[in-house]
Amino acid sequence: MSKIRVTAEEALAFHLEPSPGKFEITATVPMTTQRDLSLAYSPGVAVPCEAIAANPQTAYDYTNKGNLVAVISNGTAVLGLGNLGALASKPVMEGKAVLFKRFADVNSIDIELDTEDTDAFVNAVKLMGPTFGGINLEDIKAPECFIIEQRLKEEMDIPVFHDDQHGTAVICAAGLLNALHISGKKIEDVRIVLNGAGAAGIACLELLKAMGARHQNCIMCDTKGVIYQGRTEGMNQWKSAHAVATDMRTLTEAMKDADVFLGVSVKGAVTQDMVASMADNPVIFAMANPDPEITPEDAHAVRMDAIVATGRSDYPNQVNNVLGFPYLFRGALDINARAINDEMKIACAHALANLAREDVPDEVALAYGKNLTFGRDYIIPTPFDPRLIHRIPPAVAKAGMDTGAARRPIIDMDAYELSLKSRMDPTANILRGINARARANQARMIFAEGDDPRVLRAAVNYQRSGLGKALVVGRADDVKAKLELAGMGDAVRELEVVNAANTMHLDAYKSFLYERLQRKGYDASDIHRLAARDRHVFSALMLAHGHGDGLVTGATRKSAHVLERINHVFDADAAHGAAGITALLHRGRIVLIADTLVHEWPNEEDLATIAERAATVARNLGLEPRVAFVSFSTFGYPVSERAEKMHLAPEVLDRRGVGFEYEGEMTVDVALNARSQTAYPFSRLTGPANILVVPARHSASISVKLMQEMAGATVIGPILAGVDRSIQICSTVSTANDVLNMAVLAACKVG
């Protein structure tokens with residue numbers, strides 16, 4: 001897997017648009033009528049206030065406390081950037097809050113405290129305790145982080161967790177369990193060398209000792225060498241706890257015959273000679289970021305038997321904290337835990353280790369572009385494994401219950417696991433799956449409008465994201481100038497710029513086009529103008545001749561004009577069964593609207609074909625199609641000639657013998673609402689429809705735009721389906737990210 005490149009301009013734009021920051025607060029209850037306001041605030045709010053005053057535990061019933069975590073920092077150890085201060089740490093804390101929500105549906109608020117005084121910090125956090133169900137400490141320098149966490153754990157009755165320490169320790173422990181399993185060694189027997197006696201390093205060693213590693217077998221090193229009994233230089237109480245009686249004084253000496261190396265230090269701290277001196281089947285966790293203590297390539301060059309993990313996503317076996325903290329808190333919150341104890345962390349590590357030994361889901365293998373099986377290059381689950389949410393929290397919760405940390409034990413663990421499976425937003429998994437398939441396909445994507453800065457940014461991002469090769473249609477000097485203006489001048493060397501003037505295929509393109517259009521009133525000069533000067537036609541000709549795998553266009557011209565141009569090269573019209581399918585993503589739900597691009601006023605045969613095209617798109621998105629032919633009438637009432645074709649379309653599908661659910665005609669509420677469907681027990685739909693086939697293109701456009709503007713739905717499409725090559729047409733109001741999304745769809749060939 002290639003490393004994804006991110007430029008400063010891209011990073012700033014990501015945090016600026018569509019609104020500053022990375023999240024917002026939304027209400028979970030209606031706030032529209034006077035009655036709503038009376039219930040949400042005065043006088044109705046007094047009732048839960050009195051209930052909580054009488055029984056504080058009911059705060060978990062009547063407020064969001066039970067699913068709310070504070071991510072708190074003072075910015076004294078921001079990433080690898082040092083003491084940037086509280087304000088500069090806010091983007092990181094916002095990012096952590098977003099990860100909580102994305103991976104475990106934990107609501108989170110970032111809080112940046114502008115103090116380096118330990119007492120002030122502890123008091124501030126303690127005073128906020130009633131608000132939150134848990135505290136995640138982040139990016140606080142050592143040794144203050146140890147003092148702050150210990151005091152807060154003693155003085156608060158909710159989980160307090162310093163992720164820089166324990167998150168790293170848990171994932172490291174999970175990977176080490178599997179590495180030792182593969183190498184046939186036991187944790188109580190191995191010699192472990194740790195380099196980096198900061199917060200993460202000390203936490204790693206403490207957890208491993210809690211899991212069975214022997215104190216005398218664990219050598220901790222820092223910048224001054226081995227931490228041994230009697231050493232005074234650069235020591236503190238946390239280092240002293242791990243001092244051992246030994247004659248070794250340097251990392252080089254400690255590494256000789258060691259079974260395990262754990263690095264949370266600096267780039268280049270480990271040499272090939274050190275690796276060569278280790279015991280058979282050495283385990284090397286070089287976790288320094290962004291550059292490890294030794295690269296896997298250098299380690300394997302001298303020891304092919306080594307099992308190597310790093311903190312980077314572009315190497316196998318990534319030690320990534322996102323595998324731990326969201327699920328630890330999910331399990332802890334769901335039992336209203338008083339704390340996250342060692343047993344809960346150990347349970348998390350074992351659950352992660354066991355998960356890595358199981359068969360890997362197809363979507364995970366696809367994301368990596370190869371089949372993953374338990375072994376030396378796969379000892380830790382990947383962050384996007386969909387099983388994490390329903391496998392790790394139950395293990396954490398059970399450990400919490402077994403050790404008395406739970407205030408509200410879970411009675412039915414099977415039901416709990418099932419609730420976790422359905423808790424996550426399915427749209428995230430679908431979008432991730434699409435991106436994974438695109439990355440695996442490595443399509444050569446043609447971006448037709450290389451004179452538009454949005455398209456150029458999308459093309460650069462497509463290539464830098466490791467999705468494939470970007471082919472930009474335009475003039476090289478113009479592309480260069482626009483990239484420089486967009487702050488991406490360095491990208492001009494990466495993109496392949498193509499046009500009629502620099503291709504050797506123009507004559508072949510023109511011959512092909514003349515063969516198609518000569519009996520439609522086009523002469524040779526017309527053909528030359530189309531092939532050599534119209535970028536939409538030229539791009540389509542590239543695709544038709546196999547000089548690209550997909551095409552994205554439409555950002556600069558109306559879709560009708562673009563579709564007309566594409567039809568010169570491909571049969572992308574209503575007569576040949578093409579259709580436009582738009583995906584609406586809203587509140588964890590996906591609904592496809594069809595036809596939004598090709599048919600103006602389809603008849604029943606056309607509607608049946610549109611349904612088939614939409615079903616294909618749905619399946620390519622990972623959905624099981626359920627089609628509703630929608631109208632203003634439901635199963636014949638009220639009677640209308642305009643609804644008649646929606647009634648006849650299912651009969652056409654009956655004759656065609658298609659393999660998906662369909663029903664109609666019906667109103668939209670009946671189609672989408674399972675309760676409404678109970679009034680029609682004869683309906684063939686087994687659940688709410690996820691495909692709405694509408695009577696005409698104008699009604700499709702109104703539906704999509706209304707959902708987009710009034711409900712804030714995310715719109716993907718229209719997806720052009722039913723054409724024998726992968727072509728996607730953007731809208732003229734597309735952002736660079738919209739263009740990129742359409743390129744991803746084209747790469748996946750969802751149509």
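## A look at D139

Is D139 buried or exposed in this structure? With a relative accessible area of 4%, D139 is buried, because buried means under 20%. Keep in mind that this is a predicted model.

D139 is found in a loop, with strand 3 (134–137) on one side and helix 7 (144–155) on the other. Setting aside residues up to four places away in sequence, D139 touches a run of residues that includes S73, N74, G75, T76, A77, V78 and L79. Its other contacts include V92, M93, H162 and D164.

## The first set of annotated sites

UniProt, in an unreviewed entry, places the feature "binding site" at E138, D139, D164 and N289. Let's turn to D164, which lies in helix 8 (residues 163–183). D164 has 22% relative accessibility, so this residue counts as partly exposed.

Leaving aside neighbours within four places in sequence, D164 is in contact with E138 and D139, and also with I140 and A200. The side chains of D164 and H162 are joined by a polar contact of 3.1 Å.

## The annotated stretch from V78 to G85

A UniProt annotation "binding site", again from an unreviewed entry, covers V78, L79, G80, L81, G82, N83, L84 and G85.

N83 lies in the loop between strand 1 (68–73) and helix 5. N83 is partly exposed, at a relative accessible area of 42%. Not counting residues up to four places away in sequence, N83 touches G75, T76 and E116. G85 lies in the loop between strand 1 and helix 5 as well, and a polar atom of the N83 side chain lies 3.3 Å from the backbone nitrogen of G85. Leaving aside neighbours within four places in sequence, G85 is in contact with N74 and G75.

## Aromatic pairs

How many aromatic pairs does a search of the whole structure find? The search finds eleven. One of them brings together F100 and F329: the ring centres are 5.3 Å apart and the planes are at 80°, so the pair is edge-to-face. This pair links distant parts of the chain, with F100 in helix 5 (residues 90–104) and F329 in helix 14 (residues 325–334), 229 residues apart. F100 counts as buried, at 0% relative accessibility, and F329 is likewise buried at 0%.

Y680 and F682 also form an edge-to-face pair, with 6.0 Å from centre to centre and 80° between the planes. Here Y680 is partly exposed, with a relative accessible area of 24%, whereas F682 counts as exposed at 53%.

## Charges over rings

Two places to look at here involve a charged side chain and an aromatic ring. The charged end of R102 sits over the ring of F103, 5.0 Å from the ring centre. For K645, the charged end sits over the ring of W601, at 3.1 Å from the centre.

## Domain layout

To place all this in the whole chain, the protein is divided into domain 1 (8–28 + 64–158), domain 2 (166–315), domain 3 (322–423), domain 4 (435–568) and domain 5 (579–719). Between domain 1 and domain 5, the C-alpha centres lie 44 Å apart.

Definitions and conventions. Residues numbered from 1 in each chain as written. Predicted model: local features only at pLDDT ≥ 70, side-chain atom pairs only at ≥ 80, totals over all residues. Heavy atoms only, no water. Phe/Tyr/Trp six-rings, centres within 6.5 Å; stacked < 30°, edge-to-face > 60°. Helix = DSSP H or I, 4+ residues; strand = E, 2+ residues; numbered from the N terminus. Buried < 20%, exposed > 50% of the residue type's maximum accessible area, 1.4 Å probe, protein only. Lys NZ or Arg CZ within 6 Å of the ring centre and 35° of its normal. Domains from an automatic or database assignment. UniProt positions renumbered as here; feature names shortened; annotations may be inferred. Contact = heavy atoms within 4.5 Å. Polar contact = N/O pair within 3.5 Å; in protein donor to acceptor, adjacent residues only side chain to side chain.
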